Amino acid sequence: MPTLSRLATGTAAAAAATAGAAAGVLALPVFGGTPSGERLARMQASPQWRDGRFRNTLPTLTQPGPGTIWDFWTSGKAVRVPTEPVPTVSRTRSDFDSPQDLRLTWLGHSTTLVEIEGRRFLTDPVFGPTASPGRAFGVARFFAPPLPLAELPDVDAVVLSHDHYDHLDAVTVRQLAGRIPRWIAPLGVGAHLERWGVPAGRITELDWWDEADVGGVRLVCTPSRHFSGRALARDRTLWCGWAVVGERHRVYSTGDGAFSPDFAEVGRRLGPFDAALVEVGAYSPAWPDVHMGPEQAVQAHLAAHGGLLVPVHWATFNLSFHGWTEPVERLLVAADAAGVRVAVPRPGESVEPADPPGVVRWWPDVAWKTADEVPIVSSGV
């Protein structure tokens with residue numbers, strides 16, 4: 001019979017081996033880089049950095065309980081994933097022979113090709129098959145990218161909102177690393193980009209309200225109420241929205257985030273906008289501090305003076321408990337009540353805010369609740 005000391009030694013050895021294996025996994029390139037040196041010093045000098053991490057201006061709960069996570073993986077998938085192919089519009093490079101004065105092409109989730117005054121910007125490019133560290137984990141996308149990376153036209157800059165897997169895809173970054181002349185991101189995210197092959201000289205990292213000029217177009221980093229993290233560490237990189245400001249036109253991308261007074265501040269400082277790419281999906285009463293529901297999306301859009309509302313962050317990945325079509329159904333009801341103009345492009349479809357199409361229902365009728373829904377109320381607002 002083994003002695004207690006031998007059992008203790010064996011247990012300690014097993015624990016050390018497990019910890020070593022976990023550390024090895026977390027060191028894999030897909031989890032990105034760790035900010036250090038001058039980059040870390042800039043982060044620590046930010047007004048948003050306190051006690052070793054970035055903070056929101058309002059109290060924010062970012063971690064759902066274990067029961068919530070279990071329920072997500074084991075229940076309610078019948079209406080959360082399409083049962084038929086999602087209609088898409090296939091695009092090629094030839095469709096974008098010359099940049100337009102103002103055109104938005106939604107490619108799925110938050111990935112959008114923004115053409116403004118002869119410049120092109122690609123927001124949160126995710127062209128990989130899953131929103132996760134690898135194919136064996138996470139959630140698969142509902143449809144293939146309607147514009148393959150090989151067909152992507154010349155882009156002046158990639159613009160990133162934060163480092164979550166459904167917004168920052170290591171596979172996509174590696175494929176684009178040598179093709180894109182500028183990468184604009186919130187503080188700290190450049191460490192991930194460098195590890196995946198983006199030259200340091202092409203990366204610009206900004207704090208809230210900082211801005212960069214790309215060919216005469218201003219990219220303004222705007223606040224959002226969210227969080228960050230690709231592995232166990234949370235909030236070691238910043239999150240944000242973006243205002244794309246030209247001489248004649250303006251576009252606002254909310255990024256991910258809960259409803260907050262920041263939207264009104266964006267509207268005061270940088271609005272009105274011709275159009276806004278507004279997050280409308282992946283909401284739940286379990287995380288009211290980091291995502292807003294469709295009704296709040298309309299209120300945020302109004303506060304920011306967003307112009308034409310183009311919904312994003314929906315119909316691409318199964319990331320919450322609601323049906324996959326529910327965000328747009330609720331959005332249209334709320335927008336109609338508030339008198340907000342909406343365009344709902346199919347993945348791959350372009351929208352010109354000066355002459356937007358009417359809403360054409362390309363998604364199927366899927367049951368969704370209204371009266372019995374738990375209100376999405378963000379704490380601290």
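What do the buried residues of H8 pack against? Keep that in mind while you find your way around; what you have on screen is a predicted model.

**Stop one: helix H8.** Select residues 326-338, which make up H8. This helix has 13 residues and runs 18 Å from its first C-alpha to its last, close to the 18 Å expected at 1.5 Å a residue. Now colour the buried ones: Glu326, Pro327, Val328, Glu329, Arg330, Leu331, Leu332, Ala334 and Ala335. To settle the opening question, show 294-303 and 308-312 as well: the buried residues of H8 pack against helix H7 (294-303) and strand S16 (308-312).

**Stop two: a link across the chain.** Go back into H8 and click glutamate 329. Which side chain does glutamate 329 meet in a salt bridge? Select arginine 361: the two side chains meet at 2.6 Å, N to O. This pair ties distant parts of the chain together, since arginine 361 sits in the segment after strand S17 (350-351), 32 residues from glutamate 329. Is glutamate 329 buried or exposed? Glutamate 329 counts as buried because its relative accessibility is 9%, under the 20% cut-off. Arginine 361, at 43%, is partly exposed.

Jump to helix H6, residues 262-270, and pick out glutamate 265 and arginine 268. Their side chains form a salt bridge at 2.5 Å, N to O. Why might two such residues point the same way? An α-helix has 3.6 residues a turn, so residues three or four places apart do just that. Here the two partners are three residues apart, about one turn of H6. Glutamate 265 is partly exposed at 22% relative accessibility, whereas arginine 268, at 59%, is exposed.

**Stop four: aspartate 51 and arginine 55.** Select both and look at their side chains, which meet in a salt bridge at 4.0 Å, N to O. How exposed are they? Aspartate 51 is exposed, with 74% relative accessibility, while arginine 55 is partly exposed at 22%.

**Last stop: the whole set.** How many salt bridges does the structure hold? There are 19 of them.

Terms used: Residues are numbered from 1 along each chain as its sequence is written. This is a predicted model: local features need pLDDT of at least 70, side-chain atom pairs count only at pLDDT 80 or more; totals for chains, interfaces and linings use all residues. Side-chain values use heavy atoms; hydrogens and water are left out. Buried means under 20% relative accessible area, exposed over 50%, partly exposed in between (1.4 Å probe, protein chains only). Helices (H or I, at least four residues) and strands (E, at least two) are DSSP runs, numbered from the N terminus. The expected span of a helix is 1.5 Å times one less than its number of residues. Contact means heavy atoms within 4.5 Å.
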